[in-house]
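I opened my notebook today to look at a ligand site and then at some helix packing.

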Amino acid sequence: MVATAESARLALDYIRTRMEKARRRFGSPPDAVDLIAVSKTVPSEEIVPFLEAGQKHFGENRVQEAKDKWPALRDRYPDIQLHLIGPLQTNKVRDAVQVFDVIETVDREKLAATLAGEMQRSGRHLPCFVQVNIGGEAQKAGIAVEQTQSFVDRCRNTHCLNVVGLMCIPPDGEPAGPYFAQLAELADNCGLDRLSMGMSGDFEVAIAMGATQVRVGSALFGRRPSKV
Ligand SMILES: *Cc1c(COP(=O)(O)O)cnc(C)c1O
C-alpha cells in the first residue's frame, strides 16, 4: 500500500497515542520519548508522506541505502534527524558520518577509534549510542553486558566520543521486558540517560521500562519484503 499524507498522519497518530499511554503509565515527562520511523527498504516516495506529516526522526540500517535516499530528501526537508541503527563497518565510517546525524551502533574499539578520527577530520561531532548485546547472543552485534561500562568509559575518555545512551535489540521469541530493564540499569550505572529500545512489537513495554526513543518500522510503513 502506498501511503498518502493522510494515511501517514493516521499511522503516526496511532503509534503516538499508544506511546503516550505507555509514557503516562511509566510517568516520564511529556515529550520524553522520540519516535524514530525506521524506513529501511522503504522507497523515497513512500517516505515523503511521513515527512509531509511532520515526522522528524528516521532510522536506516544500511549506509549505502541511506546515502542513496536521504541527501535528496534532506534537501526538501532539512530539519530531519537520521539515525544509523544497523551494523557499521569501519570502511563505511566516512560515509556514515556524512549522511547520518546519530550513530546508534557503536560496539567495538576499532569502530569507536575510527568514528572519533572521522568526526575530528570532518568536524561533525555526532551523538553516539553504544549498542549492547543484551541477550548475549552469538550472532548479534553489540558489546557484551559485562564489558559495557568499561567500553563506554573508553569511548568517552580515550576516543572523546559524545556517548549519550545505550541501544539494544533483545532476543526474538522471549519477553523483552527484563532485557529492557537490564539495559536501563546498565545505562544508569554508566551515567547515561538515553535509551534506544523497543520496536513495532514491543515499544510500549520499552517505554514502560524507560526508553527515551523507540524504533518503529513495520507498524508505520507496513511489512517489509522478507530478507533476500
Ligand atoms: C528493522 C529495525 C527496527 C524496526 O523493526 P520493526 O519491527 O519493523 O518495527 C528497529 N531497530 C532495528 C535495529 C532494526 O534493524
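Which side chain has an N or O atom 2.8 Å from a nitrogen atom of the ligand? I looked it up in this predicted model, and the side chain belongs to Arg215.

Entry 1: I then turned to the oxygen atoms of the ligand. For Ser200, I found a side-chain N or O atom 2.5 Å from a ligand oxygen. For Lys40, the distance from a side-chain N or O atom to a ligand oxygen is 2.7 Å. I also checked the cover: on its own the ligand has 390 Å² of accessible area, and the protein covers 89% of this.

**Entry 2: the shell.** I listed the residues around the ligand, and Lys40, Ser200 and Arg215 are among them. The list also includes Val38, Ile85, Met167, Ile169 and Met199, as well as Val216, Gly217, Ser218 and Arg224. Sorting the shell by residue class gave me six nonpolar, three polar and three charged residues.

**Entry 3: H1 and H2.** Next I moved on to the helices. H1 spans residues 5-26 and H2 spans residues 44-52. Their axes come within 8 Å and cross at roughly 65°, which means H1 is roughly perpendicular to H2. I noted the hand of this crossing as right-handed.

**Entry 4: H6 and H7.** How do the axes of H6 and H7 cross, at what angle? I took H6 as residues 148-157 and H7 as residues 177-190, and found that the axes come within 10 Å and cross at roughly 45°. H6 is therefore oblique to H7. The crossing of H6 and H7 is right-handed.

Terms used. Residues numbered from 1 in each chain as written. Predicted model: local features only at pLDDT ≥ 70, side-chain atom pairs only at ≥ 80, totals over all residues. Heavy atoms only, no water. Near = heavy atom within 4 Å. Polar contact = N/O pair within 3.5 Å; in protein donor to acceptor, adjacent residues only side chain to side chain. Areas by Shrake-Rupley, 256 points an atom, 1.4 Å probe, with all protein chains shown as cover. Nonpolar A, V, L, I, M, F, W, Y, C, P; charged D, E, K, R; others polar. Axes fitted to C-alpha atoms, helices over the stretch in contact; angles between N-to-C directions. Helix = DSSP H or I, 4+ residues; strand = E, 2+ residues; numbered from the N terminus. Parallel < 35°, antiparallel > 145°, perpendicular 65-115°, else oblique. Left-handed = near helix turned anticlockwise from the far one by under 90°.
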